[in-house]
Amino acid sequence: MALLAIGMCIALSSCKKAGISEKAKKEQAYSKDIFAMDTYMSLTAYGEHGEEAVKAAEEEIHHLDNIWSIVSKDGEVYNINKKGTGKISKDTKTVLEYAKRLNEETEGAFDVTIYPLMDLWGFTTQKYHVPTKEELRQAMARVGQEYMTIEDDTLTLGEQQQMDLGGIAKGYTSSRIMEIFKEHGVTSGMVSLGGNVQVLGTKVNGDKWNVGIRNPKGNDGELIGAVSVADRTVITSGGYERYFEEDGKTYHHIIDPFTGYPAENGLISVTIISKDGTLADGLSTALFVMGTKQATEYWKEHHEEFEAVFVTDESKVYVTEGLKDDFQSDYDIEIVRVN
Ligand code: ADP
Ligand code: MG
């Protein structure tokens, strides 16, 4: 009897031990911070394949950064901007297909041929400058995504056009990272690309992730609220992210293609929550440009694809219906409903 008891004990304790180490393996995190696409990024993957998954994701980030950067001399965007035409990879084609759809659906508010305006305002060189009317007129004449064509794997821009994928590239990148994580057997992870977050699965304990949304009028780190999500991207566009000041006025980096000026249509930040990173990033920029009324209407028509949090210049916080149980905030919020 005593022997049996000892035997059971050993069996139990070794079982328990194996159990703990399996659990520990699942919970072990591998994290890495990198700088790419002009922003700080942080990647975390859980489980025993975390490290290799993060390393593979990092390689992909550098690859995409290189093909899309407006300054990398062997990149696709740089060369097409120089020559007006060129071959594009599958990644670029996919992103441009999203851009085309967004441009059409937002009636031009989202436009990747915005580059001449970005350049004119100095956002591409950090040589900031408030343009004259004549400068604006000239640059605006070069903007219009409808002149851009794709045939097979060749992209051709309209005359004197140049493109800038900055409004959509990071969302595609975070979605790619999630795919890479999955290919490596990772089931829980998260990335933050300059504050644009995408999460894979739930946290290892099964809880949803809590993603903070910055208060656009507050200091860095001050939140307007937080959303609980699993398998989602949470992407914010705000005028506070990149801007300069001249004569007491601020000018930010999201340009309204209809005025040539930084968009000022009532919204100071737009957060999109969706399964689709590319869509969410494009939409965050597009809806910021469209402004409160149009953005709300757009959501109503596309509510199956995404949820949103809008902060207006009067500090009102609008939260779309589908988020009502997953959004926590100390502020008064107004729920936007489809009907
Ligand atoms: P961030 O990249 O700062 O997180 P966004 O996703 O809103 O924020 O992207 C802003 C970038 O989008 C700009 O830096 C520029 O590259 C590009 N952009 C600016 N205005 C437009 C526009 N109207 N349509 C498409 N892209 C734009
Ligand atoms: Mg965007």
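Trainee: What kind of space does ligand 1 take?
Mentor: Ligand 1 takes the space that is the largest pocket. Keep in mind that this is a predicted model.

Trainee: What makes that space a pocket rather than a cavity?
Mentor: In a cavity, a 1.4 Å probe fits but cannot get out, whereas a pocket is an open set of points. The space taken by ligand 1 counts as a pocket, so it belongs with the open sets.

Trainee: Which residues around ligand 1 are the closest?
Mentor: The closest are Asp 164, Ser 237, Glu 241, His 253 and Ile 255. In total, 19 residues surround the ligand. Helix α8 gives the most to this shell, with three residues.

Trainee: What makes the pair between Asp 164 and ligand 1 a polar contact?
Mentor: Set the distance against the cut-off. A polar side-chain atom of Asp 164 lies 2.7 Å from an oxygen atom of the ligand. The limit for a pair of N or O atoms is 3.5 Å, so this pair qualifies.

Trainee: Which backbone atoms lie at a given distance from ligand 1?
Mentor: A polar backbone atom of Asp 111 is 2.9 Å from a nitrogen atom of ligand 1. A backbone N or O atom of Gly 167 lies 3.1 Å from an oxygen atom of ligand 1. The protein covers 94% of the 570 Å² of accessible area that ligand 1 has on its own.

Trainee: Where do Asp 281 and Thr 285 lie?
Mentor: Both lie in helix α8, residues 277-290. They are four residues apart, about one turn of the helix.

Trainee: Why is Asp 281 called buried?
Mentor: Its relative accessible area is 5%. Buried means under 20%, so Asp 281 passes. Thr 285 has 15%, so Thr 285 counts as buried as well.

Trainee: What share of the protein chain counts as buried?
Mentor: Of its 339 residues, 50% do. Gln 198 is one of the buried residues, at 5% relative accessible area.

Trainee: Where is Gln 198, and what does its side chain reach?
Mentor: Gln 198 is in strand β7, residues 196-200. Its side chain makes a polar contact with the side chain of Ser 174, at 2.7 Å. The side chain of Gln 198 also reaches the backbone nitrogen of Ser 175, at 3.3 Å.

Trainee: Why is Glu 107 called exposed?
Mentor: Its relative accessibility is 66%. Glu 107 is in the loop between α4 (90-105) and α5 (115-120).

Trainee: What stands out about the phi of Glu 107?
Mentor: Its phi is positive, about 50°, although Glu 107 is not a glycine. Gln 126 also has a positive phi, near 65°, and is a residue other than glycine. Gln 126 is in the loop between α5 and α6 (133-140).

Trainee: How many helices and strands does the protein chain have?
Mentor: It has nine helices and 17 strands. Along its principal axes, the C-alpha trace spans about 95 × 50 × 40 Å.

Conventions. Residues are numbered from 1 along each chain as its sequence is written. Chains are lettered from A and ligands numbered from 1 in the order in which they are written. This is a predicted model: local features need pLDDT of at least 70, side-chain atom pairs count only at pLDDT 80 or more; totals for chains, interfaces and linings use all residues. Side-chain values use heavy atoms; hydrogens and water are left out. Helices (H or I, at least four residues) and strands (E, at least two) are DSSP runs, numbered from the N terminus. Buried means under 20% relative accessible area, exposed over 50%, partly exposed in between (1.4 Å probe, protein chains only). A residue is near a molecule or strand if one of its heavy atoms lies within 4 Å of it. A polar contact is a pair of N or O atoms within 3.5 Å; within protein, one must be able to donate a hydrogen and the other to accept it, and residues adjacent in sequence count only if both atoms are side-chain atoms. Accessible areas come from the Shrake-Rupley method with a 1.4 Å probe; for residues, only the protein chains shown count as cover. On a 1 Å grid over the protein atoms alone, a cavity is a set of points where a 1.4 Å probe fits but cannot get out, and a pocket is an open set with protein on both sides within 12 Å along at least five of seven lines; lining residues have an atom within 4 Å of a point. A molecule sits in a cavity or pocket if more than half of its atoms lie within 2 Å of its grid points.
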